[in-house]
Amino acid sequence: MVRIRTLIGWNEFVDLPDWGVKRMRAKVDTGARNSALHVDRIEELPRERVRFEVVLHRRKRDRRVPVEARIVRRARVRSSTGKLESRIFVATRMQLGPVEREIEISLVSREKMIFRMLLGRSALEGAFTIDPARRHLLDRRTDRPRRRVSRARHR
């Protein structure tokens, strides 16, 4: 059986419908196993639950969505700086173009990062092919063909 994969770029807009999050810019990172999401005000609750605020925009810090979720697991993760950190993982539905699936996400501060969300291999496997030279391939508002610059040889 041939599986058709959805072509995506190195960054895309992602929806997290269970949390009411739409069009969050996410960096596609095949070098990362796990996905990560920038959150503030993490508060652990009884019965393996957690409350936090999803920070939607890098500059508009007031754009937030409060979320309460079940803790799926806790794990030590090597950060982009190489340090081992203990993180909480939660699960939610992700919609990326025509693909909808449940993914695990680690809750972390990505305050200094450009993208509020990072999509790792476990969220991408089996459903996507990535074109690292392009971005926003699934967003009709920004999917415009790039003009090619001719590199004619001068003789």
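Glu48 sits in the loop between S4 and strand S5 (49-55). Strands here are DSSP runs of E with at least two residues, numbered from the N terminus. Phi of Glu48 is near 55 degrees, a positive value in a residue other than glycine. Most residues other than glycine have a negative phi. Glu48 counts as partly exposed, at 44% relative accessibility. Partly exposed lies between buried (under 20% relative accessible area) and exposed (over 50%), using a 1.4 Å probe and protein chains only.

This is a predicted model: local features need pLDDT of at least 70, side-chain atom pairs count only at pLDDT 80 or more, and totals for chains, interfaces and linings use all residues. Residues are numbered from 1 along each chain as its sequence is written, and side-chain values use heavy atoms, with hydrogens and water left out.

**Strand S4**

Arg41 is found in strand S4. Its phi is also near 55 degrees, again positive in a residue other than glycine. Arg41 counts as exposed, at 61% relative accessibility.

His38 lies in strand S4 too. Is His38 buried or exposed? His38 is buried, because its relative accessible area is 0%. Contact means heavy atoms within 4.5 Å. Not counting residues up to four places away in sequence, His38 touches Glu53, Val54, Val55, Arg61, Val108, Ser109, Arg110, Glu111 and Arg116.

**Strand S7**

Phe89 is buried, with a relative accessible area of 0%. Ser86 counts as exposed, at 62% relative accessibility.

Beyond four places in sequence, Phe89 touches residues that include Asn34, Arg70, Ile71, Val72, Glu104 and Ile105. Ser86 touches Ala75 and Arg76, with residues up to four places away again not counted. Two C-alpha separations follow.

| Pair | Separation along the chain | C-alpha separation |
|---|---|---|
| Phe89 and Asn34 | 55 residues | 9.5 Å |
| Ser86 and Arg76 | ten residues | 4.3 Å |

**The largest nonpolar core**

A nonpolar core is a set of buried Ala, Val, Leu, Ile, Met, Phe, Trp, Tyr and Cys residues joined through side-chain atoms within 4.5 Å. In soluble globular proteins, nonpolar side chains tend to be buried together. The largest such core has 31 residues. Which of its members touch the most other members? They are Leu16, Trp19, Leu37, Phe52, Val54, Met117 and Leu119. Leaving aside neighbours within four places in sequence, Trp19 is in contact with Leu37, Phe52, Val54, Val65, Val67, Ala69, Val90, Ala91, Thr92 and Ile105.

**The largest pocket**

The largest pocket has a volume of about 660 Å³. On a 1 Å grid over the protein atoms alone, a pocket is an open set of points where a 1.4 Å probe fits, with protein on both sides within 12 Å along at least five of seven lines; lining residues have an atom within 4 Å of a point. The volume is the space filled by probe spheres set on the points, which are joined across faces, edges and corners.

The lining holds 30 residues. Arg78, Ser79, Ser80, Arg87 and Arg110 lie nearest the pocket centre. Strand S4 (35-45), strand S6 (64-78), strand S7 (84-96) and strand S8 (99-108) each supply at least two lining residues. S6 gives the most, with five.

The lining divides into ten nonpolar, eight polar and twelve charged residues.

Definitions and conventions
Helices (H or I, at least four residues) and strands (E, at least two) are DSSP runs, numbered from the N terminus. Ala, Val, Leu, Ile, Met, Phe, Trp, Tyr, Cys and Pro count as nonpolar, Asp, Glu, Lys and Arg as charged, and the others, Gly among them, as polar.
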